[in-house]
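The following note sets out numbered points for a colleague working through the model. Each point may be checked against the coordinates.

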Amino acid sequence: MAQSRRTFLKTSATLGAAALVRPHDVFAASENAPAIAAPLSQFGYGDVMLLDGPLREQFDRNHAFYRSLDEDALLKPFRQRAGIPAPGGDMGGWYSWAPLSDIDVRPNNGFAPGHSFGQYLSGLSRYYAATGDKTTQEKVNRLVRGFAPAITPHFWDDNRFPAYTYDKMSIGMIDAHQFAGDTQAFRALDAALDSVMPHLPPSGLSRAEQYARPHRDESFCWDEPYTLPENFFLAFQRGAGSRYRDLGVRYLADDWYWDPLAGGENVLPGKHAYSHVNAMSSAMQAYFVLGSEKYLRAVRNGFDFVRAQSFATGGWGPNEEFRKPGSGEIGGSLTKTHSSFETPCGSYAHFKITRYLLRATKDSRYGDSMERVLYNCILGAKPIEQDGHGFYYSDYNNDGSKVYHPYKWHCCTGTFSQVTADYGISSYFYDHNGAYVNLFVPSKVTWLRGGDKITLTQRTDYPHVPATEIELATERAVEFPLFVRIPEWVGPKTSIAVNGSRIPVVLIPGQFAPIMRTWKNGDRVEVKFDIPTVLEAVDPQHQDLMAAVHGPLALFAVGQIPAQVQEKELLAVSQVASGSEEWRVKTEAGELTFRPFTAIRDEHYRLYLNVVS
Ligand SMILES: [Zn+2]
């Protein structure tokens, strides 16, 4: 461990020079500092505030929703299994506990008891960190106090998903500790680990390996032990103890996943989509904590394979499965399924992995990928309903629509609480030198640089208006570079001006543009984006099935949709007015209307049209 101590001292000195840090961004000066410090750091949740706009609206709605969850109902499956009083009603759906025989009578009832408890707790802890709302913190503290005495080994009897459920419990406890200052959370984390250990497989088994072992029925082969290392490594770094590091190492799926991916072999086809992208965050933690470059290489390759089979929206994995390149199955899915992208879970995994990759590589194209999923997927998810019905799949079928999943309290109700809580920390990053603007969203970030308090306030209606404005507040003039993401798709007329004068910086699409300056209070940065419209084929085997994509926005056709449209007609699609979410184009068959995913309500739509040249 001597090496990590040296690394820590070096890291802390570098950060100290710029003092761009808050206490929780530097792990305690101890043995558990990562071997590799990411070149880019995340701000704290409390450093970034979302301002009025669609992200803030979804953030507030989810914060209020998860804060209103009934605590006895949340604790009920744990209390029932522990044989202690379990007052209150059942949540129902996936969440409740029910005997296995019950599933024949009421399908999916008790499918994964208490599976999302930890995710609700994690989301609430992050909402508290972002807003300082005391009632949210108190709820987290009450839930941890209620959970601790209900931990029992019996909870895992007949449980399909011990690794999955424990993984979510652990992020709940370590976030309650880290963000809500919960002093009992680590004890509960240790007790939950002791209870689940005899029920976990010996290592990060693949699904194929789970099928090869004795099992009660197929659903018992769908656990996700290969996603465990991320939170084990996180628990270790946050001070929960070295056994979490050892377990992180033990559950790394080197043999069937990371080694082949690192060698450039695409092992994704046939694999469950969300959990294998989520697992990439485990490899990123392994890269940082253990210092092995293999894991970074594996994730970069793996993420490229995912991107190569993504829809125009940035979503991936029809029917929750990766496909064989060259098979034409992505295009084929447009007529075969309505379950095109598992949206809250997939977006949560996508945001996490693009944040890790951005931080590790400073490659702004991971930010491009994140914003595609933001505007075309998660920001358009239907709001969760009070009874637990939530949005699950985005539907890219040729006859598409937005619907709630029939089962209550499914997996996506867990990740939905976390992904929206993370919008702020996804928007900006920093290094020893300067700050990085990643997302163009109405927001405010404040930090200390040396002794100087600096605030950036971003105002924008991007991407519906192709511009953003960032105003700086500082008590005295201070010199540092501000880096702005220039998306890879921008055209040549993209420009940056400071206080109304265009600056002579060379803008390279697909890179961060540095603006070096001695900043004064009230300085204004204006970025104007030259946004092209392009047509993207669904896959190489279906070159005539195309979606219109305007910058980061995929456009969905609504109303009467002609059997085919001309390529040049479709390329002329334009907004009815600046800022509008209504797009139109004239075709031989008449006028055709398009909307971005966020503007779709109950109307049916079509993403990919038959295009003729
Ligand atoms: Zn899900």
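**Notes on the predicted model**

1. Phe311, Phe391, Tyr396, Phe556, Phe597 and Tyr605 together make up one aromatic cluster. Rings of Phe, Tyr and Trp (its six-membered ring) are paired here if their centres lie within 6.5 Å, with planes under 30 degrees apart called stacked, over 60 edge-to-face and the rest tilted. Above the ring of phenylalanine 597 sits the charged end of lysine 402, 4.2 Å from the ring centre. A charge is taken to sit over a ring if NZ of Lys or CZ of Arg is within 6 Å of the ring centre and within 35 degrees of the ring normal.

2. On the basis of the note: this is a predicted model, in which local features need pLDDT of at least 70 and side-chain atom pairs count only at pLDDT 80 or more, while totals for chains, interfaces and linings use all residues. Residues are numbered from 1 along each chain as its sequence is written, and side-chain values use heavy atoms, with hydrogens and water left out.

3. The structure holds 44 aromatic pairs. In one of them, the ring centres of phenylalanine 480 and tryptophan 519 are 6.1 Å apart and the planes meet at 40°, so the pair is tilted. This pair links distant parts of the chain, 39 residues apart: phenylalanine 480 belongs to strand 10 (residues 478–486) and tryptophan 519 to strand 13 (residues 511–519). Helices (H or I, at least four residues) and strands (E, at least two) are DSSP runs, numbered from the N terminus.

4. Are the two partners of this pair buried or exposed? Phenylalanine 480 is buried, at 0% relative accessibility, and tryptophan 519 is buried with a relative accessible area of 0%. Buried means under 20% relative accessible area, exposed over 50%, and partly exposed in between (1.4 Å probe, protein chains only). The charged end of arginine 517 sits over the ring of tryptophan 519, 5.7 Å from its centre.

5. The ideal angle for four tetrahedral donors is 109.5 degrees. Cysteine 411 is buried with a relative accessible area of 5%, and cysteine 412 is buried at 1%.

6. The second largest pocket contains about 670 Å³ of space. Its lining comprises 38 residues, of which Arg307, Ser310, Phe311, Arg372 and Glu536 lie nearest its centre. Helix 15 (293–308), helix 16 (329–336), helix 18 (365–376) and strand 15 (533–537) each supply at least two lining residues, and helix 15 gives the most, with five. On a 1 Å grid over the protein atoms alone, a pocket is an open set of points with protein on both sides within 12 Å along at least five of seven lines, a cavity is a set where a 1.4 Å probe fits but cannot get out, and lining residues have an atom within 4 Å of a point. Grid points are joined across faces, edges and corners, and a volume is the space filled by probe spheres set on the points.

7. Three cavities of 30 Å³ or more are found in a search of the whole structure. The largest cavity holds about 50 Å³, and its lining includes Phe78, Phe147, Trp156 and Met169.

8. Most residues other than glycine have a negative phi, and most peptide bonds are trans. The peptide bond from tyrosine 462 to proline 463 is cis, with omega near 0°; proline 463 lies in the loop between strand 8 (452–460) and strand 9 (467–474). Aspartate 158, which is not a glycine, has a positive phi of about 60°, and it counts as partly exposed at 43% relative accessibility. Asparagine 319 has a positive phi near 55° and is found in the loop between helix 15 and helix 16.
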